[in-house]
Structures are given as C-alpha cells and as structure tokens.
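Subject: Handing over the structure

Hello,

Here is the structure I promised to pass on to you. Have a look at it first, and then read on for what turned up in it.

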Amino acid sequence: MISSIKVGDFSIQRIIEQERPFYDIKTYFPSLTDAALEENRAWLQACGAIDAAGRIVLCIQSYLVRTPHHTILVDSCVGNDKNLPHRPHWHRMQDGTYLNNLAAAGVKVEDIDYVMCTHLHLDHVGWNTRQENGRWVPTFPNARYLFSKQEYQYWEEQTRSGATTPMLDSVIPIVEAGRADLVASDHQVNDHIRFLPTPGHTPDHYAILLGRTGQDAVLTGDLMHSPLQAKYPELGMRVDFDSPLGARSRRGLLQQFCDTRTLVCPCHFPSPSVGRVSAWGDGFRFSFDQ
Ligand SMILES: [Zn+2]
C-alpha cells in the first residue's frame, strides 16, 4: 500500500485506480516537436513519465487528505459501470482496485466528509457515484461534494446541447441527492484549505492549497499532465478548453511555488506523483519525492 505523507497538520495519501501508458506523447501534446521530445526523452523515461515506446504514463488516482477535523477526497477517478464507449479501456469498468485501495488506507466510504473535484472531466468525477438498482447514488453518502459553480454551468449547458459528458451519471445525481455545494473557484473551505482558480484545461478548474498560509501543499488537478509541461509551461494538451489560458495558469502556479518547500501534487504524474518545483531555464524542474 502507498504510505501517507505528513505535511503540517495534514496527511496526504494517493488512492490509485490505474497507472499505465496511455497515448503517444506527441498526440497528447500536439505542439511537441520531435526535436524537443528527443532533447528530453532520457529524463522523461528515467522518471517514468513516458515508456520506451514514447507513450505518456498516467496515474489515475485521488488524493486522500486527512486533517485534524476532516477526511477529504480530491478528484474521484473513472468509476465502475460508466458508459464510455469512446474510451474502451474505461467502458463499463468492473474493477475493485479503487475501493480496495481506499479500504486499505483505513477509510470507509461513510468516513469521507468532502469530495472536491478540481474540474468535471470524467476521470475526476467517476467515483462520485455508484450504480444501485439501476440508479446512480452517491458513493460517499455523508460527503459534501464541492464543484465550481461556473464549471458546473458550463458542462450542464454542454450536456443540454447533446455533448457526451459525465454530468448525467456522475455529477447531476449528486446535486439531485442534495449533496453538492456549487462554489467559486477561489472558495475558502476553512482556515487551512482554500481553492486557487487555475482555468484553461477546463473553464473553471481549481487547485487546492493546504496549510494556514497555503504553503504546506498544493493539489494541482490537471493543471499539468507531465513534468514536461513544467519545463515547457506553454505546452498544451490535446483536450484543453483554452490552451493559452491554461499555460498562463500553469506558469503562474509553478512560479508561485518555485524554490519553496511546498509539496506539489499533480493528479496524473506517474508514481510517486508528488514533488517540488525549482527553476530550469525559462521553465521549471519538477523533482519527484523519493
Ligand atoms: Zn484528468
């Protein structure tokens, strides 16, 4: 089992659903040139961010955050039974890994006080719900689920226009069950937890700052998908909502935590996923914690 990391009054633990190579990295980052890939291939492969075939390795996981008062789940992976015919590897999944890993961390679904979704893509909202007698019900029955209101409204409109989104099975049932709080992307949860707007990958993506001064740790959701985007903050990924805006958010956050002790926790970086940021040329070096 993956051990927890102590930062300030918090403990942070990764709850993995899957970790494996997915797409060719050049497809994933459409503006990545052959020359830039070759220049960086050795270290990307050494840290496990790409495999020998040049495919990006992603970890699909939640961060479990325990505070003196609350048990929090940040992002909720893909989930079981979701109808995803356009994603064959995730279509109607029947996989106990995620809930088993949560149980192994000593957490029951009833123990979760908050579920925070950094944005409303399908790999961040899936375990919000589970199927019970043909209906979608909250997986975490006692949790408040925190969604950005603006993000919610955008995806609700997309869904109404016929787009395929995870809203119908993973988000709207939470609202209908009375468990959702639609908040601003700079929402302050309490003295030790607040959101930081980091739009671009989606319309109102948020990061989460932990600690009284916001300096203990930052959970960055999908602000970046590879340490290569720390080196090149302007490198956008293929389904960014607004890539230039995402690049500004990315550079801003990396600059904010550059050469600090703050633990940076991206959602999808390969294990061990978390690390620190330092300056590297015109960009930043992401150094994984060992
Ligand atoms: Zn994601």
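**What was found**

Among contacts in the protein chain between residues at least 6 apart in sequence, 65% join residues at least 24 apart. Please keep in mind as you browse that this is a predicted model.

Let's start with the whole chain. Its secondary structure comes to 8 helices and 16 strands. The radius of gyration is 18 Å, close to the 19 Å that the globule rule gives for 290 residues, so the protein chain is as compact as a globular protein of that length. Of the 290 residues, 48% count as buried.

Next, the sheet. There is an open sheet of 7 strands, with mixed pairing, and the order is β1-β2-β3-β4-β5-β8-β9. At its edges sit β1 (5–7) and β9 (180–183), each of which pairs on one side only. On average, neighbouring strands of this sheet are turned by 25° against each other, direction ignored.

To find the pairing on your screen, look for L146, whose bridge partner in β9 is D181. Helix α5 (residues 149–160) lies across β8 and β9, and runs at about 75° to β8.

Now the interior. In soluble globular proteins, nonpolar side chains tend to be buried together. In this model, the largest nonpolar core has 77 residues, and those with the most contacts inside it are V115, A207, I208, V218 and C265. Strand β3 (residues 55–66) gives the most to this core, with 8 residues. What is I208 in contact with, leaving aside its neighbours within four places in sequence? The residues are V74, M116, I193, F195, V218 and L219. One of these, V218, is itself among the residues with the most contacts inside the core.

Last, a hairpin. Strand β15 (residues 275–280) and strand β16 (residues 283–288) run antiparallel and are joined by 6 bridges. In this pair, R276 stands opposite S287 in β16. The hairpin has 2 residues between its strands, and G281 in the turn has a positive phi of about 55°.

Enjoy exploring, and write back with any questions.

Best wishes

Definitions and conventions: Residues are numbered from 1 along each chain as its sequence is written. This is a predicted model: local features need pLDDT of at least 70, side-chain atom pairs count only at pLDDT 80 or more; totals for chains, interfaces and linings use all residues. Two strands pair if DSSP finds at least two bridges between them. Helices (H or I, at least four residues) and strands (E, at least two) are DSSP runs, numbered from the N terminus. Axes are lines fitted to C-alpha atoms, for helices over the stretch in contact, and angles run from 0 to 180 degrees between N-to-C directions. Two residues are in contact if their C-beta atoms, placed from the backbone, lie within 7 Å. The radius of gyration is taken over C-alpha atoms; the globule rule is 2.2 Å times the number of residues to the power 0.38. A residue is buried if 20 or more other C-beta atoms lie within 10 Å of its own, exposed if 12 or fewer, and partly exposed in between; C-beta atoms are placed from the backbone. A nonpolar core is a set of buried Ala, Val, Leu, Ile, Met, Phe, Trp, Tyr and Cys residues joined through C-beta atoms within 7 Å.
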